[in-house]
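Student: I keep meeting labels in structure descriptions and I'd like to know where they come from. Can we go through some together?

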Amino acid sequence: MSYVVHSIVQVPIEKVEETIAIYQNRSKLVDEYDGFLSFQLLQNEKKPSELTVQLTWETKEAYMNWATSEAFQKVHDLEKNYPDQELAAIVPKVKKYRVVAT
């Protein structure tokens with residue numbers, strides 16, 4: 001069964017479209033990583049300023065390999081150096097799930 005990671009962020013409502021555009025133009029380094037299955041950016045219908053990055057992996061081990069890689073560090077360094085420091089300072093709430101049924 002696969003492994004799913006959610007990174008949930010609350011962004012200022014006036015910066016939602018800008019944040020979505022950042023993810024639409026993301027580096028895609030994760031897409032090339034062994035065990036990576038999919039990326040989705042989700043927007044909460046009732047709270048449009050809540051965005052969730054959903055990464056799906058073949059296994060927890062595949063995710064852990066990514067999370068400890070130089071590529072992971074590079075992606076997160078890019079985020080920290082984003083010109084809009086208000087967005088760069090947002091700390092996501094991360095939740096991890098084992099897929100137990102499909």
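Student: What makes Tyr 33 partly exposed?

Tutor: Keep in mind that this is a predicted model. Tyr 33 has a relative accessible area of 25%. Buried means under 20% and exposed means over 50%, so a value in between is called partly exposed.

Student: And Trp 66, is that one buried or exposed?

Tutor: Trp 66 has a relative accessible area of 4%. The cut-off for buried is under 20%, so Trp 66 counts as buried.

Student: Why is the pair of Tyr 33 and Trp 66 called edge-to-face?

Tutor: A pair of aromatic rings is described by the distance of the centres and the angle of the planes. For Tyr 33 and Trp 66 those are 5.2 Å and 70°. Centres within 6.5 Å make a pair, and planes over 60 degrees apart make it edge-to-face, so both tests are passed.

Student: What does that pair tie together?

Tutor: Tyr 33 sits in the loop between α1 and β2, while Trp 66 belongs to helix α2, so the pair links parts 33 residues apart in sequence. Trp 66 also pairs edge-to-face with Phe 72, at 5.7 Å centre to centre and 85° between the planes.

Student: How many aromatic pairs are there in the whole structure?

Tutor: The search finds seven. One aromatic cluster is made of Tyr 3, Tyr 33, Phe 36, Trp 57, Tyr 63, Trp 66 and Phe 72.

Student: How do you know that the buried residues of α2 are on the same side?

Tutor: The buried residues of α2 are Ala 62, Tyr 63, Trp 66 and Ala 67. They cover an arc of only 135° around the axis, which puts them on the same side of the helix. In general, an α-helix has 3.6 residues a turn, so residues three or four places apart point the same way.

Student: What makes Arg 26 count as lying over the face of Phe 39?

Tutor: Arg 26 is 3.8 Å from the ring centre of Phe 39. The distance limit is 6 Å, so Arg 26 meets that part of the test.

Student: Which residues are closest to the centre of the largest pocket?

Tutor: That pocket holds about 950 Å³ of space. Of its 30 lining residues, Tyr 23, Val 53, Val 75, His 76 and Glu 79 are the closest to the centre. Helix α3 gives the most to the lining, with six residues.

Note on methods: Residues are numbered from 1 along each chain as its sequence is written. This is a predicted model: local features need pLDDT of at least 70, side-chain atom pairs count only at pLDDT 80 or more; totals for chains, interfaces and linings use all residues. Side-chain values use heavy atoms; hydrogens and water are left out. Buried means under 20% relative accessible area, exposed over 50%, partly exposed in between (1.4 Å probe, protein chains only). Helices (H or I, at least four residues) and strands (E, at least two) are DSSP runs, numbered from the N terminus. The arc is that of the directions from the helix axis to the C-beta atoms. On a 1 Å grid over the protein atoms alone, a cavity is a set of points where a 1.4 Å probe fits but cannot get out, and a pocket is an open set with protein on both sides within 12 Å along at least five of seven lines; lining residues have an atom within 4 Å of a point. Grid points are joined across faces, edges and corners, and a volume is the space filled by probe spheres set on the points. Rings of Phe, Tyr and Trp (its six-membered ring) pair if their centres lie within 6.5 Å; planes under 30 degrees apart count as stacked, over 60 as edge-to-face and the rest as tilted. A charge sits over a ring if NZ of Lys or CZ of Arg is within 6 Å of the ring centre and within 35 degrees of the ring normal.
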